[in-house]
Amino acid sequence: MFACLPRLSDVTGKSTNLLYRFVFARNFAAHTDHLFDELPQRDLSALNSQLSSYLRSGNPNGTLALFLKMHRASSDLSSHTFTPVLGACARLSYPETGRQVHALMIKQGAETGTISKTALIDMYSKYGLLVDSVKVFESVEDKDVVSWNALLSGFLRNGKGKEALGVFAAMYREEVEISEFTLCSVVKTCASLKILQQGKQVHAMVVVTGRDLVVLGTAMISFYSSVGLMSEAMKVYISLNVHTDEVMLNSLISGCIRNRNYKEAFLLMSRQRPNARVLISSLAGCSDNSDLWIGKQIHCVALRNGFVSDSKLCNGLMDMYGKCGQIVQACTMFSAMPSKSVVSWTSMIDAYAVNGDGVKALEIFREMCEEGSRVLPNSVTFLVVLSACAHAGLVEEGKECFGMMMERYRLVPGTEHHVCFIDILSKAGDTEEIWRLVERIMIENNNRNLPCAIWVAVLSACSLNMDVSRGEYAAMRLMEETGPENASIYVLISNFYAAIGKWDMVEELREKLKKKGLVKAAGHSSLFI
DNA sequence: TTAGGGTTAG
């Protein structure tokens, strides 16, 4: 299946990942489409239209299957062929396939032009490969507002809000004429960073420039909800009353729940029959707020509207019951589910883990891994399992799971997995093993400094196990990474020195903290007595 | 070629 496509390494010298090729081939084996053979004449523009049509109708597999047939039959493909194909690759999350298509574009000279390159920027950012995305952007000769927007939304999608704002500032400097797409992404960025003033400024720009407010209005409602200003969100909604739609209303309802404005939320729900999606979002709000009573009411609304067979809604309900401490109710829902997805299993494992039953969490995990369950654990599952082991002090089990993740399931541990594993090893007093792990991660990271979270975990482990030299090294690396303005890091390092009895260092750090006028944000509990 | 519901698990 893949022999007909080149590898990006053939063109650029980069390495390829065999696993992606396996996954992709397996997926395609099930997809046999006869459209190409049935077409009376293989007109390139008609086929290109069909590629786009598959993508628009939510069938990216169809786009790729047809594309492969086109490629096998003729090497004469145009840039109009590649843009929908790149969109399909991005939708299916197979980075290696996308790279292969990119390679073919380079070979055929179809990589030029703003539109093709914008599709590449978008695809790489949807894979999370921002370095590649930026590289393509830099190579665009005639950057237009769409290519800028693709870069901006790419940063936003990958949680790089500050960088996204940087792109917006650059657009301003370069005098790019911004569009509604730009404003929409910037509003979302302000929401993700929870920056009220900047968000208000964008709101003013939206109003002054008189943009179409159906989509932007929804983004504004979400923005005000995420900064906790429901009165402003409501004002936006009311000001657009004639032009509101279901999406906007759902955004408002979910915002009301998340901000505990329950009366308004249920009033809005009573005006129009809610759909499953808004109930799922509202349940997530209840989970975050640990609000069992409201969660139960939403369960009732779901029952009244006949949504209880919706598997995603069941997952949401199960998670809500688990997070609100109702493990029996969560378990009952889990058992009753006819089809359990990886999310259902992971939610159930997490429910036991957060309620302090690490042994039971592991039992469910093992059940999931049995061959009969036919659901594979993913990286979130392992994070939940490792976290359960860390909290319950299940050292051997944690080691076994960490090994299983890489060897049996071929999953690459991320920073959060490493942090959990360091915590597990710390409980076993095994700082030697922690250090071997840190050295391995550093090699994998090409000797660049590690994420702060890793050094924080190492420092905590060294405090617990009185490992002075390694702790001092971790403290040094942490300071390098965060800079001297981070009060929490000062306190953390100071606590380490206190744990090992170096009180002169504790005093020195506290003095520095005082001189700089830094204040650590106070912790708080969400429990009310 | 780029945007709207933090639809479910970390």
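Against which helices do the buried residues of α30 pack? In this predicted model, they pack against α28 (452-465), α29 (468-482) and α31 (503-516). Residues are numbered from 1 along each chain as its sequence is written, and chains are lettered from A, and ligands numbered from 1, in the order in which they are written. Because the model is predicted, local features need pLDDT of at least 70 and side-chain atom pairs count only at pLDDT 80 or more, while totals for chains, interfaces and linings use all residues; side-chain values use heavy atoms, with hydrogens and water left out.

Chain A contains 31 helices and 0 strands. These elements are DSSP runs numbered from the N terminus (helices: H or I, at least four residues; strands: E, at least two). Of the 529 residues of chain A, 46% are buried; buried means under 20% relative accessible area, exposed over 50%, and partly exposed in between, with a 1.4 Å probe and protein chains only. A contact requires heavy atoms within 4.5 Å. Among contacts in chain A with a separation of 6 or more, 61% join residues 24 or more positions apart.

Helix α30 (residues 487-499) has 13 residues, and its end C-alpha atoms are 18 Å apart, in agreement with the 18 Å that should be spanned at 1.5 Å a residue. The expected span is 1.5 Å times one less than the number of residues. The buried residues of α30 include Ile 489, Tyr 490, Ile 493 and Phe 496. After α30 comes Gly 501, with a positive phi near 85°.

Helix α7 (residues 95-108) has 14 residues and reaches 20 Å from its first C-alpha to its last, close to the expected 20 Å. Because 11 of its 14 residues are buried, α7 is largely enclosed by the rest of the structure. Among these buried residues are Glu 96, Arg 99, Val 101 and Leu 104. α7 is followed by Gly 109, whose phi is positive, near 70°.

Glu 175 has a phi of about 60° and lies in the loop between α11 (161-173) and α12 (180-193); Glu 175 is exposed, with a relative accessible area of 72%. Met 466, with a phi of about 55°, is in the loop between α28 and α29 and is partly exposed, at 48%.

The largest nonpolar core has 155 residues, and Leu 279, Phe 365, Trp 455 and Val 458 have the most contacts inside it. Such a core is a set of buried Ala, Val, Leu, Ile, Met, Phe, Trp, Tyr and Cys residues joined through side-chain atoms within 4.5 Å. Leaving out residues up to four places away in sequence, Val 458 touches Ile 422, Ile 434, Trp 435, Val 438 and Ala 474.

Around DNA strand B there are 39 residues, of which Asn 149, Arg 157, Asn 250, Ser 254 and Ile 280 come nearest. A residue is near the strand if one of its heavy atoms lies within 4 Å of it. Helix α16 (residues 246-258) supplies the largest share of this surface, 5 residues. A polar side-chain atom of Arg 277 lies 3.3 Å from a base nitrogen of DNA strand B, and an N or O atom in the side chain of Lys 312 is 2.8 Å from a base oxygen.

Technical notes. A polar contact is a pair of N or O atoms within 3.5 Å; within protein, one must be able to donate a hydrogen and the other to accept it, and residues adjacent in sequence count only if both atoms are side-chain atoms.
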